[in-house]
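Colleague: I have this model open next to the sequence and would like a close look at the inside of it. Could you pick a place to start and talk me through it, ring by ring and loop by loop?

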Amino acid sequence: MIAAESRDVVVVGGGPAGAATAILLKQAGYDPLLLDRATFPRDKPCGEYSSPRTISILRRLGVAEAIEALPPHRLFGMRVYAPNGTHYTVDYHAVTGEHYALSIPRLTLDTVILDGAKRQGVEVREGARVKTVGPYVDGGRTLTVQTKAGERCIRARLVIGADGHHSVVAKGAGLTAARWQHCWPHRVGIMAHYAGVTTLEQYGAMVVGPRGFDGYSGIAPLGGGLTNVAFVVGMRAMKRRGMPMEQFFAHCIEALPPVREALVGARRVGKIHGVGPLAQGARRAVADGVLLVGDAAVYLDPFTGEGVYKALRGAELAVEAADRALRAGHTDVKMLRPYLAARRYTFAEKTLANYLVQMFVHLPALMNYVTPRLGSRPALARQLVLVLGDLGTKREQRGLLSPVYLWNLLRP
Ligand SMILES: Cc1cc2nc3c(=O)[nH]c(=O)nc-3n(C[C@H](O)[C@H](O)[C@H](O)COP(=O)(O)OP(=O)(O)OC[C@H]3O[C@@H](n4cnc5c(N)ncnc54)[C@H](O)[C@@H]3O)c2cc1C
């Protein structure tokens with residue numbers, strides 16, 4: 001099919017990664033076209049907690065005022081519960097004296113960011129599903145896009161894939177199936193909103209399950225009397241129980257005492273949403289004429305709560321790379337490759353910290369051992385809080401990954 005339209009840049013996906021990318025491209029003087037298969041407001045299963053550094057990026061995107069006007073619920077930190085019930089509070093506010101996490105329903109957050117893109121002049125087409133991404137020919141790729149009006153082809157010198165899990169752009173560019181995908185535990189995420197939770201206000205909770213539960217829960221008060229309750233559990237454990245979703249959700253609540261206690265007197269409002277398997281990722285975040293950003297580029301377990309931050313920060317890095325390539329007049333992989341190095345430099349410590357935390361989550365006995373030690377070793381705890389909150393200097397972040405840190409944490 002001959003392309004009906006030709007653009008410099010097309011962004012596929014209007015979640016945090018795509019909307020942020022489009023805003024920054026517009027601010028850099030480009031005229032991006034953003035396509036999303038959904039019509040906003042649209043929901044997205046998520047713990048709905050955004051790490052403390054997120055607000056500074058929302059300011060750069062020009063949407064912080066709209067977010068502040070909601071107003072957002074502020075969380076000073078998260079109480080992390082080990083399987084034996086001991087807990088340590090990851091307190092951003094106490095450690096830095098200023099930072100807090102935002103807790104906003106994704107239905108609202110994503111719409112506010114996308115509205116910000118529209119306000120800043122980005123052309124957004126909703127109800128536009130990208131079906132295929134063609135090969136790189138003559139310095140660009142052709143997308144097949146399905147809308148209510150029918151199918152049309154759009155050619156772009158650069159396609160930015162911000163289409164989340166199971167990215168069509170990653171697939172079209174031959175980037176799916178990361179090798180680690182096959183060894184990462186296959187888990188699913190399920191979440192629902194509750195009204196009437198009174199024990200949590202300025203702190204959320206992360207509750208690690210005992211052996212056999214194979215997962216954890218995150219609870220985040222959202223303000224306005226609503227609380228997000230999410231579980232991330234092994235697919236096999238879920239299948240083994242063979243329960244309908246409602247029953248399985250109730251079983252998860254009962255299995256984790258801190259969750260059960262927090263929900264005494266509370267009632268679920270709305271449906272239970274689920275997503276999985278969670279371990280999906282791209283082989284690489286670049287190909288000829290393609291950059292991937294947000295969940296389309298990489299997916300990490302959500303325990304450390306950086307998905308939205310990473311989507312927004314990744315957008316900043318993607319636009320730097322896109323701008324360089326478009327100005328040079330070449331969008332081949334050689335021109336786009338510096339994006340990989342920028343992502344590595346920016347995210348390496350947090351990614352490794354995420355793996356480290358996962359190791360503790362998988363080994364309940366280790367989690368039981370380490371959690372009380374954080375309370376009595378404030379310097380180590382401070383370093384952990386800075387990394388988990390995407391705060392702190394590069395040096396502080398690197399410190400967490402040194403063998404000395406691990407030794408000080410694990411020594412009797
Ligand atoms: C259970 C669970 C809990 C989580 N908890 C947290 C948390 O507490 N904090 C946190 O920061 N992160 C959390 N995350 C991760 C976070 O949700 C993601 O990292 C984040 O949504 C990534 O944003 P994105 O813009 O890349 O993708 P998405 O938000 O998924 O947006 C992708 C967009 O692309 C569109 N799209 C998809 N395919 C197409 C197509 N073919 N054509 C056109 N459009 C398309 C979709 O409609 C969607 O709007 C959690 C994830 C899960 C699963």
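## A close look inside

Modeller: Let's start with P41, which you'll find in the loop between β2 (33-36) and β3 (49-50). Keep in mind that this is a predicted model. The peptide bond joining F40 to P41 is cis, with omega at about 0°. There is another cis bond between L70 and P71, where omega is about -15°. That proline, P71, belongs to the loop between α3 (64-68) and β4.

Strand β4 is where H73 has its place. With a relative accessibility of 12%, H73 counts as buried, because the cut-off for buried is under 20%. A polar atom of the H73 side chain lies 2.7 Å from the backbone oxygen of E201.

Now for the rings. The structure has four aromatic pairs. One of them is F76 with Y203: the ring centres are 6.3 Å apart and the planes stand at 85°, so this pair is edge-to-face. F76 is in the loop between β4 (73-75) and β5 (77-81), while Y203 is in strand β13 (residues 203-208), so the pair ties together parts that sit 127 residues apart in sequence. F76 and Y203 are both buried.

Another pair is Y194 with F249. Here the ring centres are 6.4 Å apart and the planes are at 10°, so the pair is stacked. Y194 comes from strand β12 (residues 187-195) and F249 from helix α8, so this pair ties together parts 55 residues apart in sequence. Y194 is buried, and F249 is too.

The charged end of R373 sits over the ring of Y369, 3.7 Å from the ring centre. Likewise, K394 has its charged end over the ring of Y345, at 4.3 Å from the centre.

Last stop: two backbone details in loops. H166 isn't a glycine, yet its phi is positive, near 55°; look for H166 in the loop between β11 (150-161) and α6 (168-172). D390 also has a positive phi near 55° without being a glycine, and its place is the loop between α14 (378-388) and α15 (394-399). The relative accessible area of D390 is 6%, so D390 counts as buried.

Technical notes: Residues are numbered from 1 along each chain as its sequence is written. This is a predicted model: local features need pLDDT of at least 70, side-chain atom pairs count only at pLDDT 80 or more; totals for chains, interfaces and linings use all residues. Side-chain values use heavy atoms; hydrogens and water are left out. Rings of Phe, Tyr and Trp (its six-membered ring) pair if their centres lie within 6.5 Å; planes under 30 degrees apart count as stacked, over 60 as edge-to-face and the rest as tilted. Helices (H or I, at least four residues) and strands (E, at least two) are DSSP runs, numbered from the N terminus. Buried means under 20% relative accessible area, exposed over 50%, partly exposed in between (1.4 Å probe, protein chains only). A charge sits over a ring if NZ of Lys or CZ of Arg is within 6 Å of the ring centre and within 35 degrees of the ring normal. A polar contact is a pair of N or O atoms within 3.5 Å; within protein, one must be able to donate a hydrogen and the other to accept it, and residues adjacent in sequence count only if both atoms are side-chain atoms.
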